[in-house]
Each structure stands twice: as C-alpha cells, then as structure tokens.
Amino acid sequence: MKNRFLSKSAVTKVQAAIIAVVIVVAVIAGVAYYYSTLPKAPEYIKIGWPVPLTGGIASFGEPDPWVAQQIEDYVNNEMGGVYLSEYGRKIPIKIIQRDTKSDADFASTVAAELITKEQVDLMVVLHTPATVVPVSTQCERYEVPCIAFDCPVLSWLTGAPYEWSYLAFWTEVDVAEVFVGIWDTLGAKTNKKVAGLWSDDPDGRTFRELTIAVAEARGYTVIDSGLAPYGTTDFSSYIQQWKSAKAEILTGNFIPPDFASLWRQCREMGYIPKVSTIGRSVLFPASVEALGGDLGVGLTTEVWVHKVSPFKSSLTGQTPAELAEAYEEATGKQWSTPLIFSHAAFETAIDALQRAGSLDKTKIKDAIADTDLDTIVGNVNYKKPLSQILTSEELALYESYPELINNQNHYSITPVIGGQWVKGTKWPYELEVVYNWKYDNIPETAQVKTIPELLGP
Amino acid sequence: MDILSFVNLIFNGLLLGGLFALTAFGLSVFAGIMRVINIAHGDFAILAAYLAFSIIDFLKIDPFLSLLIVAPIMFVIGYLFQKFTINRVLPMGANQPVLVTFALSIVIQNLLLLLFTADARSLITPYLLTNIELFGLNPSPRYAAGFISALIVFAAIFIFFKKTYLGKAMRAVPFDSEAAKMIGIKSDVVYNYAAGLAMLVVAIAGVLLGITFTFYPDTGPVYVLLSFGVVVMGGLGSLKGSLVGGFIMGEALVLGGFFFGSRFQLMFCYLVILIILYIKPQGLFGGRV
Amino acid sequence: MEEEFRMANLKNYYTYIVIALAFLASLPLWVGGFLRDALILFFLYLAAAEVWGFMAKHAGIVSLGQQIFMGVGGYATAVLCMYYGFPLWASVIIAGLFGAGLAGVLSFPLLRLRGVYFSIGTFLAAEIIRLFFNSWEFVGAGKGLIFKDAYAISTTLIYYPALAIGILSIFLVYFLYHSKLGFGLRSIGADEDAASGLGVNTFRCKASCFTLASLITSLVGAVNVVHHTYLNPTSAFSISWTVNFLFVAVIGGAGTIIGPFIGSTIFVALGYLLSQYLGLSLLLEGLVVLAILIAIPEGVWGVISRKLKVKLKPPF
C-alpha cells in the first residue's frame, strides 16, 4: 500500500491551493462590492429590454435589435438626448437588451439581472405573456417602472393588481368582436356555422371563451372542439366532424406550427371552409409562407397595426408605412407588426421620462400613469375610464371579467382590426385590411372575400 | 361520427404509423448494432430536414430529390459521429453514451437555432397538399408518402442485412464480437458503417418529417420519444417489430385524439409507451434489452 | 514510475471550513443585489448538480427527469402558500418532502428499467407530468401561477435557504457515499447484476437514493419559485433544468463534491456574460461538455487534482 501519511510537500500544496482560491474569491468579491456601491451619476438613462431573440417566439423579437439601434440613434443624435428638468440638461439613453430565450423563467432571470446589476431606470417589455408577465412581476417586486406592450390584456392581468407596470394593447374581448365582425361583413355568404379549436394555453383559452360568447350572441352556431395542446399533429377526428356538420367558418388560436398541421390536414381531407379566422398563428409573413403551396391565401387574422394605420410616431414623426419601409430597406426583411409596437413602447418611455424630468423611479411611474400620447399605434392613455371609451354593450361584456374593470388604469386599449392574407406583389403574401370595426380612421384596403373566391377555380 | 369517417381515421392512423416506423428505423438500427440509444436521434432527423431546407433554398429542387444530397452527407456525419464520439466513450461505461448523446442533442438544437433562427420551417411539396379520394376514404397524401417510404426502406435494409457481407457483419458483431474478430471483421469499422447506415435512414425520415410537419430547431425531442416508444414496443434491433410498433403508435395517436380529445392525445401516447416499458421492457416482440 | 497521490485528510481543514462557512453566511450583508441573485443561483444549481452527479456517477442512475421535481417543488410551494395559507418557508419544506414522496412513488414504475431505458423513462414521465399540469385548471393550467406572497421576500432572505440546501446536498452526497446504502449503491453502479447476486436489494437502494436526491431537487425548485415568483408548466417542467444540472456536474466533475462548485461558478458566470449574445451560452456549454465527456471525463476538478497530485477522501 502506498504511504498514507501526509508529506510536508503534499500538505503545503493543498493549503496553497485553498489559500489561492480564497484570495481569488476575496478579490472578485471586493471588486464586485466596489462596483455595486459606486454612486450612479446620470451619465445615461438606462432602459432595460428583455426580448425573445431565440426560441419559439423569436419571430416576435426579430425586428427588435434594429428598433433599439434606431431609437438610440434618433434620441441621442437627432434629439441630443432626453431633457430631464431635475438635472437641467439632456441625457442620452442606453437600451440594454437581453435574450429571454422565449422562456418565462429565464425572462425572470434577465429582468432581475437588468434591475440589480445593470440598475436600469426603467423597463420596457413586449411579445406575448411568456415574456411580458414574468418581467412585469419582477418589476413589481423590485419596484421599477415597467412599460409593456404586445401582450393580450386578460392574460397579463393574471399578475394583477399592478402598481409599477403599465400595458398598452388590445383585450381579447376586442379580438372576439373583430373576428365575429369579419364574419358579419360576409353576411349571407356563409351559413353562420362556426367550427372552433384552440391551443391549450392562456391565449387559446381566453379566445375560446370570448369567441364563443360573442358569436353565439350574434346568432352563429358554434361547434366547440375544445383545446389542443402544443405539438398536436393529428386533427383528423375534428376535421371529419367539421366536414359532416358543414361548418363554413373555421376559427381558433394556435402557435404557428400547430395551425400549419391543422390547416394542411384540412386541405388534404377536402375541408376548405369559406372563412378561416385564426388568432396568433398567421401574424407574420414567415408563418404564412411556411404553410406551403397556396394554403395561406384568404386566411383572416387580427391585425394590431398596419401600414395604412393613420398614426404617427411622436418621436420620429414616421407613419407605420414609413417605419415599415425603413425597416425593409435597411434589413431586406419584410415588415411585421411587432416592429411598430416596439417603436411605440419607446415613444411612451421617452415621453414619460421627459414629463418625469427625473430618474427617480416613483416620478417615472407617476409620469407613465399620466400618459396621454398619440403614438405610432394609436393613442395611449391610462387615465381615461372605460366608460368613456366603450359602448354600453361592450362595457357589459367587459364586466364579465372583473379584473378588466378593476385594473383599467393600468392598461390602455390599442386598436385591433381584421386583416386578410392575399398573394402579394413585392412579397409572396401581403396583408389587406378588410374590417376596421369601430376604427373609422383606419381605412380598409380591400373587401373581405371567401377563400374559395380567392383561390379561384 | 359515421362508420366511414371512423374507418378513414383508422386508415390515416396506419399511414401515419408508417412515418413513425420510418423515423424509428434509424434508432433501431443504431441501437440494435451499437447497443446505444441515441438520444440525439430526433435532432439528427431535424438536422437532415434543415440540410434539405438549405439545399432546396439554394438549388430550388424538389424535397425528395434533395435526399440525393442529404442522405450521403448524413451518412458521413453518422460515420464520423460513431468514429470520434461513440467509439471513444463506449468503453467508458454504459451511461457515458447516454450523457454524450444527450449533450449532443443540446448542441445540435442550439447550432440549428444559431444557423437558422427560430422561425418555423417546412419542406414544401405543393403537389402533396391535395385531396385524394379512394373508395370513399381520404388518405392523407403526406402520410401516405411516409408510409410508402417506410416500406421501401424496410425492404432495402432487410435485403442489405441478409444479402451483403457488410450487412451480415453488422448483425454478427453485436452478437459475438470475438468470433467476428476471428474471421477478420474489425468491430470498430463495422460500427462506423452501421452508424452511417443508421444516419442515412434518419436522413430519409427527417426529410419526410419535414415534408409532413412544420419544424423548429427544438422539434427533435418529440421524435426521439416517439421513436423510442416504437422501438421498445417492437423490441430493440427488430425491424419488423419497429414496423408494427410504428403502426401501433400511429393508431394510438389518432385514436387517443378521438377518444380523449387533442388535449390528451400526446399524453396518452407517452403513457402507453411508459406502460409498455413497465410491463414488458424487452418489447412486445421480445428482443434483447 | 506511477505517481503517488497523497491522501489529504479533511480533519486538518476543519478550521478552514468554519471560516469559509462564516464568510459565506456573511456575504449577503455586504455584496450588491446582483451578486446576491448570482449566489442564490450558484447554490441552487450546486445542490441539484451534486445529487444528480452522485446518482449518475456512483449509482449508475442517469436521470433526465429532474425537471419533474423542480416543477413539483415550485408548484407545491406556491399552492400550499397561496391556496391553503401555509407560511411561506413551511411550504418550501413541505414541498420538498412532497417531491421526495413523488419520487418514491415514481420509483416503482421507473426503477424497474435499466440504463438508458430508465433515463428515457424519466424524460417520458416528465413530459407526461408537464402535459398534465398544462391542462390542470387548479394550478392555472397553461396560464401558470404568480406567487405574489413571495414578492416581499428579499434576496438576502432567500440566500440563506439556498446556501443551506447547498450545504445539505454536500452532506447528503457524503453520507450517501460512505453509508451502507452508499456502499450498496456503488456496487450497483459497478455491476448491478453482481450486486444483486451478492444480496444487495437493488430496488430499495436505488429507490432510496432517487428519493433523497429528489428531496434536494424539489427544495431547489421550491426556493427557485420564491426567487422568481412566476411558474408556468412549459418552463417549470422544461428539460433545460436537467440540461443545466448535467452541465454543472459534468464540467466540474460528475460525482465529486468539489466538481459542482467549479461547474456552477462557470455556469452562472457564463450565463450572465453571454446573456447579451444570441443564445450562445448553451451551445458553448454543450460543446465543452461533449469535449469533457469524450476526452476528460473526470471534469475540471479531476484535472486539477491530477495536476496538483492531490487526492481527497472520496467523494470529494
């Protein structure tokens, strides 16, 4: 057996190793402590921005690096910074983006890092509940003002009540109105029989409840096929039912790949409904093209903002069309709606900062609460009560969701209208506005048509 | 629903099962010869789909034709993978290959994410997106393509194993590597070719999967779980077993959806696999563990 | 001539250990908020990797289903606290015990399986549980849960349970290695059939190990939900948890106690450093893990101890 007694050299070596480790850790800790306690001079206004750059919803975040660049350039170079009255001068902004990897838990982590390490003054967050909710809750926890866009309101309100976070987007109630409204404009062209299937997640569930409620109230018969979990690949039993029942309208809300599976199977089984109005799945050109063949033709969807929306950026003065074109020219990619919303989020942020005049977080929060701004996606206002914005019937529908009423001063409703995908000229598919609901200021660019009409003989 | 619709459902389940069987063949060959369950199996299939996607994007050819390029590339990848990775870790203990293939699965997924972004992808075959009527039934053309491919591949591998020297060597080595060595067969080299063959089959499956379903960089794991289920049902290394197992899996998916609703469709399939694993880990048709 | 490794005896280092513990306990009082967050992550990943590594390396049980316990630990904590009014930290502990109980139950179907079959079985079970939670209205199904009660808990307060769980995991691994149970486990890891032939009750040993390891993992999941305050089935039961624990364990040195210290430091640091770059960290870590598995399976600590010609009493 080898000698088990410790020789002097071995003991010293182990001790040396341990002492070395302790010194290294102490040095690192000391440096970290020093930096974390440095007084923060307002050299920059730091805005934290967790974005899904990779993962399942990365298509939402794709334009964002470009948006960050554009906003920073404009604010720092054209405007010379944001004027804060407390310091009596203009201060440049710094947008700090972090990839959330489309994972809600990781979004929490990066939000916390932005707050505690980067010590951001303000948080901006967008793109589906999976990103927006965890970041908003971290902001509540650390008491940091948060501006959220692009997240359906009811899903966001699962984290209510909020004190520091403010959302601007549509409610799922509005989308149900738009969907049924699209069908109403077709009038007698359909037999008013609706087949519905939804993804088993917050979006899907809320859409299902509301679409059925609104549709049935307006005299439609709904075949409710329930909820399908992510990754469902075979829908034959449903499609068979819809065929036998002769449902001429199909509706639902899915993640794009699931809708692709469903829609392709419909075509194979010879089920071509006259109208197919789907939430979330066909928002982006890439998702529509990925369906294959001419499957994308005639699909109708909710549209958050369009090139023809008559709004203007309070920051750069661009209209949605101009912003879209600038993006297409600079990146060579087709525009998508999140692009415009990301821009609007920063308009709101800069406006709040100017009115707050300070980097004090409470002042910024109060400034956000006071917002009344015409942005590139519409007017953002948190103070206006719902009774002034909605009709009495709409209010009645809202009242079935008490959280919508109780938290009304933390969200602002942006317009949502109906769109239809048709074969395009510049790009393979282009989106037409076919139903502007109550937003008469947004022009309709085309008449809604049934899918068989658009597909031709 | 009426009888005809129900029969249509069952029929399509069978066709879908063919595609599952095809996807499982690669895993079965790999596991049967190298005795390693490749956890990155699904990711390799998706890798093949992405390779096909790039080639189609560049050369504008039909997805089926792209196989002529994708298959040889995947063969080489399989060969190198076996030579430099699996062969090295096989002697390190039974669980080392598990860790390695798992890590490889993560690497492939993130590499695909980096190269192709997370956008949805599809191998588009417009001519398959039509409605076929056959004796009152509506077979799905895409599922049918998968089914036919499965039969062709099955026949090809069967003949390869039975009639060719390399094929017979591949079956001999795991059975008795000492005896094989004595007649001059180097097991390492045989393994390399076997892995290449397995990956070739995976390539075909991957392209068919890409034609039938949308894919993302992280779509791999679903297919390795389903393929694993198929292989377990059929018994490790048994091609016939995988074929039958595939059909069972296809029906399970379709009927699970019918009876329990699509909410529980996939869960039902996974439960079936787990139950079979529990009752008969060697597979329904025997075979070695 | 073969190099001689000198065995180092831990008893000589007790003073150092006490100083180190005191130092660690004092940390949250003077480091910044960001470092506190990093340290919490460090200790949580450390604990989970310690037990995962032990199971994988010494007992031959490679679990790809640790996410089951991360998710169950998290959900149990939130539900007990928010729905049933249990005090928060009591919920954490009960959630840990609940997770261990679940592991005990799962042992029956899963531990019948050997090798990679077991591994995939754990992955399957995790997916089934994930799909189940996604449809379970009681816990908010796909919408998830927001753990409001945890908002008021400062990171300083969360640090101590995280540290405690880290230390507990070390004790557990040490105990598992040197106890009679551990002896049985290691013989199973070496050759299960031979061990069974020698009279070791392989099922009971493996089940005990799996249950104890899951206790730690569930506690990690519980503290994690107090820290992050948001749960949804997709991320709570994501395979990423297992991936991360595997990385921490393998990079540092699977099955060793010191290994995960190194692994967790690298993992947490890389995660923060690369959070600015498009998803590179997982790819890099995956490649490093592959390289280590193929070329230096003993991990970073293995290499260090080899170079310094130091061998500590196993499993250190």
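How many helices and strands make up the secondary structure of chain C? In this predicted model, chain C contains 14 helices and four strands. Its 316 residues would give a radius of gyration near 20 Å if they formed a compact globule, and the value of 19 Å for chain C agrees with this. Along the principal axes, the C-alpha atoms occupy a box of roughly 65 × 50 × 40 Å.

Within chain C, 60% of the residues count as buried. Of the contacts between residues at least 6 apart in sequence, 81% join residues at least 24 apart. The accessible surface amounts to about 11,700 Å², and 70% of that area belongs to carbon and sulfur atoms.

Charged side chains come next. Chain C carries 18 positive and 13 negative side chains, with the centres of the two sets 5 Å apart. Asp193(C) and Arg114(C) form a salt bridge at 3.2 Å, N to O. This pair links distant parts of the chain, since Asp193(C) lies in helix H8 and Arg114(C) in the loop between helix H4 and helix H5, 79 residues apart. Arg114(C) counts as partly exposed because its relative accessibility is 36%. Both residues belong to a network of salt bridges that also includes Glu192(C) and Lys206(C).

Over all chains, the structure holds 23 salt bridges. One of them joins Arg218(A) to Glu177(A), with the closest N and O atoms 2.7 Å apart. Arg218(A) is in the loop between helix H8 and strand S9 of chain A, whereas Glu177(A) is in helix H7. Is Glu177(A) buried or exposed? Glu177(A) is buried, because its relative accessible area is 11%, under the limit of 20%.

Note on methods. Residues numbered from 1 in each chain as written. Chains lettered and ligands numbered in written order. Predicted model: local features only at pLDDT ≥ 70, side-chain atom pairs only at ≥ 80, totals over all residues. Heavy atoms only, no water. Helix = DSSP H or I, 4+ residues; strand = E, 2+ residues; numbered from the N terminus. Rg over C-alpha atoms; globule rule 2.2 N^0.38 Å. Buried < 20%, exposed > 50% of the residue type's maximum accessible area, 1.4 Å probe, protein only. Contact = heavy atoms within 4.5 Å. Areas by Shrake-Rupley, 256 points an atom, 1.4 Å probe, with all protein chains shown as cover. Lys, Arg positive; Asp, Glu negative; His and termini not counted. Charge placed at Lys NZ, Arg CZ, Asp CG, Glu CD. Salt bridge = Lys/Arg side-chain N within 4 Å of Asp/Glu carboxyl O.
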